[in-house]
Amino acid sequence: MQIIHEREGTNLVVYLVDELDQHSARTVIDALDRIVTLYPEESIILDLSRLTFMDSSGLAVAVNLYRSLEHSGRTLTIRHTPPQAMRVFHAAHLERKIQFIDQVGEGAVCRS
C-alpha cells in the first residue's frame, strides 16, 4: 500500500494506491493519523481511484479518518470510489456521514 498526498486548493488530497485489506489497514490508519496531525487546517479528500482492492477493513480506515477530522471541525470527502469499494461503504451506510463524489466506472455522482 502506498499513500500519496498533495494540496488541491484549500484541501489535502490523499491517494491510496494498491490494496486496502486487513494486512494494510493498521498501517494506513497510522499514516492518515500522521497526515491529519501534519496538516491541522485542511479538510481531506480521500481519493480511491488508485485502489486495486478494498475489503471491509477499508471501513475502519474511513471511519477513523472521518472521526479524526470531525473532532477538529474538518470534513472528509471520498472520491473516485471503485464500484466494489462503494458497495462496502453503502452496506455500512457511510454515505449518511461522509460525502462521496465521482464514482469510478458508474458515471454517477453520489452526494450525501
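Handedness first: a crossing is right-handed if the near helix is turned clockwise from the far one by less than a right angle, and left-handed if anticlockwise. By that rule, H1 passes H2 in a right-handed crossing. I note that this is a predicted model.

Next I looked up the packing. H1 covers residues 25–38 and H2 residues 57–71; their axes are 9 Å apart, at an angle of about 15°. Angles under 35 degrees count as roughly parallel, so H1 is roughly parallel to H2.

Who touches whom? From H1, I listed Ala25, Val28, Ile29, Leu32, Asp33 and Val36; they meet Ser57, Ala60, Val61, Asn64, Leu65, Ser68 and Leu69 of H2. Sorted by class, this contact has 9 nonpolar, 3 polar and 1 charged residues.

Then H2 by itself. Its 15 residues should span 21 Å at 1.5 Å a residue, and the end C-alpha atoms are 22 Å apart, which agrees. Buried in H2 are Ser57, Gly58, Val61, Ala62, Leu65, Tyr66 and Leu69. I found these buried residues packing against H1, H3 and strands E2, E3, E4 and E5.

Last, the phi angles. Glycine 73, which follows H2, has a positive phi near 75°. Histidine 80 has a positive phi of about 55° and lies in the loop between E5 and H3. Histidine 93, in the loop between H3 and E6, has phi near 60°.

Key: Residues are numbered from 1 along each chain as its sequence is written. This is a predicted model: local features need pLDDT of at least 70, side-chain atom pairs count only at pLDDT 80 or more; totals for chains, interfaces and linings use all residues. Side-chain values use heavy atoms; hydrogens and water are left out. Axes are lines fitted to C-alpha atoms, for helices over the stretch in contact, and angles run from 0 to 180 degrees between N-to-C directions. Helices (H or I, at least four residues) and strands (E, at least two) are DSSP runs, numbered from the N terminus. Angles under 35 degrees count as roughly parallel, over 145 as roughly antiparallel, 65 to 115 as roughly perpendicular and the rest as oblique. Contact means heavy atoms within 4.5 Å. Ala, Val, Leu, Ile, Met, Phe, Trp, Tyr, Cys and Pro count as nonpolar, Asp, Glu, Lys and Arg as charged, and the others, Gly among them, as polar. The expected span of a helix is 1.5 Å times one less than its number of residues. Buried means under 20% relative accessible area, exposed over 50%, partly exposed in between (1.4 Å probe, protein chains only).
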